[in-house]
Amino acid sequence: ADYASEDGLSASDACCACGGGLLCADDPPGWVDIFDQDCAMYRVNYWCTADGYGVGWRVNWGSFADYAVNGISASEACCACGGGGL
């Protein structure tokens, strides 16, 4: 948080496009992938960023779509992965 606001919020805390934000909510609520991993797991394991795949995602794992449930992947459901809703 080298560039945090006076309130101590960094872009990753305050900005929906950066994977945070006060207005962003994971949608659908309670989303999990086919292995029961939720949006928090994608965030803390650096599997995704607001722009796509994170440093923790391994190429041999395939794509987020391979782990989708009911056609919804992390990139659509999770704020940290560039998805979610308001």
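**Reading the model**

Analyst: Let's start with accessibility: tryptophan 61 counts as partly exposed because its relative accessibility is 31%. Buried means under 20% relative accessible area, exposed over 50%, and partly exposed in between (1.4 Å probe, protein chains only). This is a predicted model, so local features need pLDDT of at least 70 and side-chain atom pairs count only at pLDDT 80 or more, while totals for chains, interfaces and linings use all residues. Residues are numbered from 1 along each chain as its sequence is written, and side-chain values use heavy atoms, with hydrogens and water left out.

User: How much of the protein is buried? And what order do the elements run in?

Analyst: Buried residues account for 30% of the 86 residues. For the elements, helices (H or I, at least four residues) and strands (E, at least two) are DSSP runs numbered from the N terminus. Here you get three helices and two strands, in the order α-α-β-β-α from the N terminus on.

User: Now the rings. How many aromatic pairs are there?

Analyst: Rings of Phe, Tyr and Trp (its six-membered ring) pair if their centres lie within 6.5 Å; planes under 30 degrees apart are stacked, over 60 edge-to-face, and the rest tilted. By that rule there are 12 aromatic pairs. Take tyrosine 42 and phenylalanine 64, an edge-to-face pair at 5.9 Å centre to centre with 70 degrees between the planes. Tyrosine 42 sits in helix H2 and phenylalanine 64 in the loop between strand S2 (52-53) and helix H3 (74-77), so their pair ties together parts 22 residues apart in sequence. Tyrosine 42 is buried, at 1% relative accessibility, and so is phenylalanine 64, at 3%. Another edge-to-face pair joins tryptophan 57 and tryptophan 61, at 5.1 Å centre to centre and 85 degrees between the planes. Tryptophan 57 is buried at 10% relative accessibility, whereas tryptophan 61 is the partly exposed residue we began with.

User: Which residues do the ring pairs link into a cluster?

Analyst: The cluster holds Trp31, Phe35, Tyr42, Trp47, Tyr53, Trp57, Trp61, Phe64 and Tyr67. Aspartate 33 belongs to the loop between H1 and H2. Is that aspartate buried or exposed? It's buried, because its relative accessible area is 5%.

User: What about the backbone?

Analyst: Most residues other than glycine have a negative phi, and most peptide bonds are trans. Now check the bond from aspartate 27 to proline 28: that one is cis, with omega near 10 degrees. Proline 28 is in the loop between H1 and H2.
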